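This report is meant to be read alongside the sequence and the structure shown below.

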Amino acid sequence: MKRINSLNELRGLSAVLVVLSHIPCTNALLGGNPGGFAVSLFYLLSGFLTVMSSERSTEFFLRKRILKLLPLYWIMTSIAFAAALVRPDFFHTATPTLLNLIRSLFFIPYQNPNGMVRPLLDVGIYGNDKSFFVS
C-alpha cells in the first residue's frame with residue numbers, strides 16, 4: 001500500500017488538538033471545544049488508514065496487529081497484577097488471583113466481586129473517585 005503521509009500528518013495534528021483541548025485555556029483561546037471535532041476526525045482518518053493498510057492481505061494485517069499489541073497488553077496486565085498484589089487498595093475493580101490473571105491474558109470474560117465484567121488491566125478511574133491518587 002502506498003503511504004498517504006498527509007493523512008497521517010492530519011491524524012497527528014488532530015491527536016495534538018485533542019490533548020490541547022484538555023487544557024482549559026486552550027478551549028477559551030480556540031473558542032468552544034475543538035477536542036470533540038478532533039476526536040471525530042482522528043477516528044475517521046484512523047479507520048480509513050486501517051482499511052487502506054489491510055488492502056494487501058487481511059491475514060497479514062491481523063497478524064501484524066496482534067504481534068504489535070499483544071505483547072504490550074500481556075506486559076501491562078502482568079504489571080497491573082503485581083501492583084494489585086502489593087497494593088490492592090489502589091485497584092477498585094481488580095481481584096488479583098491466578099485464575100483472573102489467566103482469564104485476562106487470554107481475553108476470557110469474567111465477573112469481578114463488584115459485579116462488573118472487567119479484566120485485571122482496566123481503563124482509567126470510574127466516576128469522581130480520586131482515592132487512587134491519595135495514600
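Predicted model: local features only at pLDDT ≥ 70, side-chain atom pairs only at ≥ 80, totals over all residues.

## Salt bridges

The side chains of Arg 63 and Glu 59 meet in a salt bridge, with a distance of 2.6 Å from N to O. Because Arg 63 and Glu 59 are four residues apart in helix H4, which covers residues 58-86, about one helical turn separates them.

The count of salt bridges comes to two, and a further pair is formed by the side chains of Asp 89 and Arg 87, at 2.9 Å from N to O. Asp 89 is partly exposed, with a relative accessible area of 47%, and Arg 87 also counts as partly exposed, at 34% relative accessibility. Side chains of opposite charge can pair when their charged atoms come close.

## Aromatic pairs

A pair of aromatic rings is described by the distance of the centres and the angle of the planes. The count of aromatic pairs comes to three. One of them joins Phe 42 and Tyr 43, whose ring centres lie 5.8 Å apart and whose planes stand at 80 degrees, so this pair is edge-to-face. Phe 42 is partly exposed, with a relative accessible area of 26%, whereas Tyr 43 is exposed, with a relative accessible area of 59%.

Another pair brings together the rings of Tyr 73 and Phe 107, which have their centres 5.0 Å apart and their planes at 20 degrees, so the pair is stacked. This pair links distant parts of the chain, since Tyr 73 belongs to helix H4 and Phe 107 to the segment after H5, 34 residues apart. Tyr 73 counts as buried, at 18% relative accessibility, while Phe 107, at 55%, counts as exposed. Phe 107 also has a phi near 60 degrees, which is a positive value in a residue other than glycine.

Helix H5 spans residues 98-105 and includes Leu 98, which counts as exposed at 59% relative accessibility. Leu 98 takes part in a nonpolar patch on the surface together with Trp 74, Ile 102, Phe 106 and Ile 108, and these residues have about 510 Å² of accessible area together.

Ser 104 also lies in helix H5, but its relative accessible area is 2%, so Ser 104 is buried. When residues up to four places away in sequence are not counted, Ser 104 touches Tyr 73, Thr 77, Tyr 110, Pro 119 and Leu 120. With one of these residues, Tyr 110, the side chain of Ser 104 forms a polar contact of 3.4 Å.

## The chain as a whole

There are five helices and zero strands in the chain, and from the N terminus on its elements run α-α-α-α-α. Of the 135 residues in the chain, 21% are buried, and the chain exposes about 9700 Å², of which carbon and sulfur atoms supply 70%. Among the contacts in the chain with a separation of 6 or more, 47% are accounted for by residues 24 or more positions apart.

Key
Residues numbered from 1 in each chain as written. Heavy atoms only, no water. Patch = residues over 30% accessible without salt bridge, like charges linked within 9 Å, V, L, I, M, F, W, Y side chains within 5 Å. Areas by Shrake-Rupley, 256 points an atom, 1.4 Å probe, with all protein chains shown as cover. Salt bridge = Lys/Arg side-chain N within 4 Å of Asp/Glu carboxyl O. Helix = DSSP H or I, 4+ residues; strand = E, 2+ residues; numbered from the N terminus. Buried < 20%, exposed > 50% of the residue type's maximum accessible area, 1.4 Å probe, protein only. Polar contact = N/O pair within 3.5 Å; in protein donor to acceptor, adjacent residues only side chain to side chain. Contact = heavy atoms within 4.5 Å. Phe/Tyr/Trp six-rings, centres within 6.5 Å; stacked < 30°, edge-to-face > 60°.
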